Amino acid sequence: MKIETRAIHLGHEIDPGTGAIAPPIYLTTTYERDADGTYPRGHVYSRLSNPNRQSLEKAIAGLEGGTVAATFSSGLAAIMSLFQSLSAGDHVIASQDLYHGTTKILKEIFGPWNLEASFVDTTVESEVAQAVRGNTKLVFLETPSNPTLKITDIKAISGIAHSVGAHCVCDNTWATPILQRPLELGADLVIHSTTKYFGGHSDVLGGAVVGKTDDTFFQRLRLIQQIGGAVPSPFDCWLVSRGLQTLPCRIRNHSENALKIAEFLNQHPRVERVYYPGLPGHPGYKIARQQMSMFGGMLSFQVLGDQKSALAVTGRVKIIARATSLGGVESLIEHRSSIEGPESTTPNNLLRFSVGLENVEDLIADLEQALAL
């Protein structure tokens with residue numbers, strides 16, 4: 001099946017008891033045992049498994065081309081569990097330009113537990129190769145990266161990871177499997193904040209890890225999911241599952257709108273720089289064309305001037321909402337460095353823009369009046 005068909009049908013079997021097309025929500029916490037003490041229906045307790053979570057994991061694994069998936073209560077819960085699957089003394093190589101929450105987890109939570117981390121520019125293969133140590137167990141990529149949309153060659157970096165027996169992990173939240181297929185490019189695991197494009201409506205938190213194979217590492221991650229209990233509720237799983245059905249058409253619309261807006265901003269006299277891999281002048285344009293089918297719905301741009309100039313633009317938007325997060329149907333804009341805090345290396349005149357599904361001419365008009373002197 002093509003991905004549009006899979007998005008609609010994976011994990012959405014017709015209910016055998018009622019014939020319902022939409023799946024029911026199983027709010028139960030526990031399940032009946034048979035008289036002999038067994039669990040013939042496959043479920044024991046909802047922290048361990050739930051029909052809604054089982055269906056969602058099947059759908060996400062199928063969309064990414066993986067064998068298995070584990071879902072969590074948030075994207076950061078998924079990332080926490082991934083790093084928790086390592087051992088003290090292990091070494092992680094991570095993208096330098098990375099979601100600040102992931103950086104905080106590595107530095108402030110697992111650093112004191114003696115998990116070592118090196119942050120390098122993963123767009124430069126030699127930097128990754130030089131960072132490799134004897135105890136390197138994981139190479140963590142984010143492409144396109146947050147917030148400056150750097151593009152990493154997944155195939156090349158996966159090769160470096162595998163040469164030392166390490167796993168390669170790719171955060172595919174911004175691209176989704178509709179635009180980019182990391183497992184087919186050599187990655188071993190894929191991370192998603194399902195809060196974003198998978199849910200698609202800014203109304204549910206969630207995260208997922210997809211494995212190419214159900215190996216020992218993934219089985220440990222599954223143990224942490226089930227025993228640690230940072231799992232999504234049945235209703236959260238149901239919402240994300242519903243969002244997946246429209247994912248292909250939404251992502252293409254997001255991408256089409258974002259490219260037009262990036263082209264508009266790239267010509268605007270009050271814009272210093274635009275970060276969008278669909279622009280031919282972007283440093284990662286060539287690689288993005290090779291490993292992505294379109295360029296996604298996220299972009300960043302630097303307003304000419306300083307932080308005050310950038311915040312003035314966000315203060316004047318009328319259709320676009322001033323808010324953190326991304327991937328919903330509505331457009332969101334935010335001043336990124338003030339979100340990331342004092343340790344941020346993001347330029348203080350940079351705005352991150354999650355391009356929504358509004359009419360693109362309306363969005364461009366809103367930006368035009370907000371950028372006007």
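Modeller: Start with S46 and its contacts. Setting aside neighbours within four places in sequence, S46 touches T28, T29, Y31 and R53. Keep in mind that this is a predicted model. Where does S46 lie? S46 is in the loop that links α1 (3–9) to α2 (51–64). Is S46 buried or exposed? Its relative accessibility is 13%. Buried means under 20%, so S46 counts as buried. The side chain of S46 also makes a polar contact, and its partner is the side chain of N50, at 3.2 Å.

In sequence, 305 residues separate I21 and L326. In space, their C-alpha atoms are 30 Å apart.

Go back to R53, one of the residues that S46 touches. The axes of α2 and α9 (residues 234–245) come within 8 Å. They cross at roughly 35°. The crossing is left-handed. Which residues make this contact? On α2 they are N52, R53, L56, A59, I60 and L63. On α9 they are P234, C237, W238, V240, S241 and L244.

Next, a second helix pair. Two packed helices are described by the angle between their axes and the distance between the axes. For α10 (residues 247–266) and α14 (residues 360–371), the axes come within 10 Å and the angle is roughly 30°. That makes α10 roughly parallel to α14. Their crossing is right-handed. From α10, the residues in contact are N257, K260, I261, F264 and L265. They meet V360, L363, I364, L367, E368 and L371 of α14.

α10 takes us on to a sheet. α10 lies across β8, β9 and β12, and runs at about 15° to β9. The sheet is open, with five strands in the order β8-β9-β12-β11-β10 and mixed pairing. Which strands stand at the edges? They are β8 (271–275) and β10 (321–322). Each has a single partner strand, so one side of each has no neighbour in the sheet.

Now look at β12 within that order. On one side, β12 pairs with β9 (residues 298–303) in the antiparallel sense, over five bridges. There, R352 of β12 stands opposite S300. β12 also pairs with β11 (residues 332–335), again antiparallel, over four bridges. There, F353 of β12 is the bridge partner of I333.

How enclosed is β12 (residues 350–354)? Five of its five residues are buried, so the strand is largely enclosed by the rest of the structure. In a regular strand the side chains alternate between the two faces of the sheet. In β12, both faces are covered. L350, R352 and S354 are buried on one side. L351 and F353 are buried on the other.

Note on methods: Residues numbered from 1 in each chain as written. Predicted model: local features only at pLDDT ≥ 70, side-chain atom pairs only at ≥ 80, totals over all residues. Heavy atoms only, no water. Helix = DSSP H or I, 4+ residues; strand = E, 2+ residues; numbered from the N terminus. Buried < 20%, exposed > 50% of the residue type's maximum accessible area, 1.4 Å probe, protein only. Polar contact = N/O pair within 3.5 Å; in protein donor to acceptor, adjacent residues only side chain to side chain. Contact = heavy atoms within 4.5 Å. Pairing = 2+ DSSP bridges. Axes fitted to C-alpha atoms, helices over the stretch in contact; angles between N-to-C directions. Parallel < 35°, antiparallel > 145°, perpendicular 65-115°, else oblique. Left-handed = near helix turned anticlockwise from the far one by under 90°.
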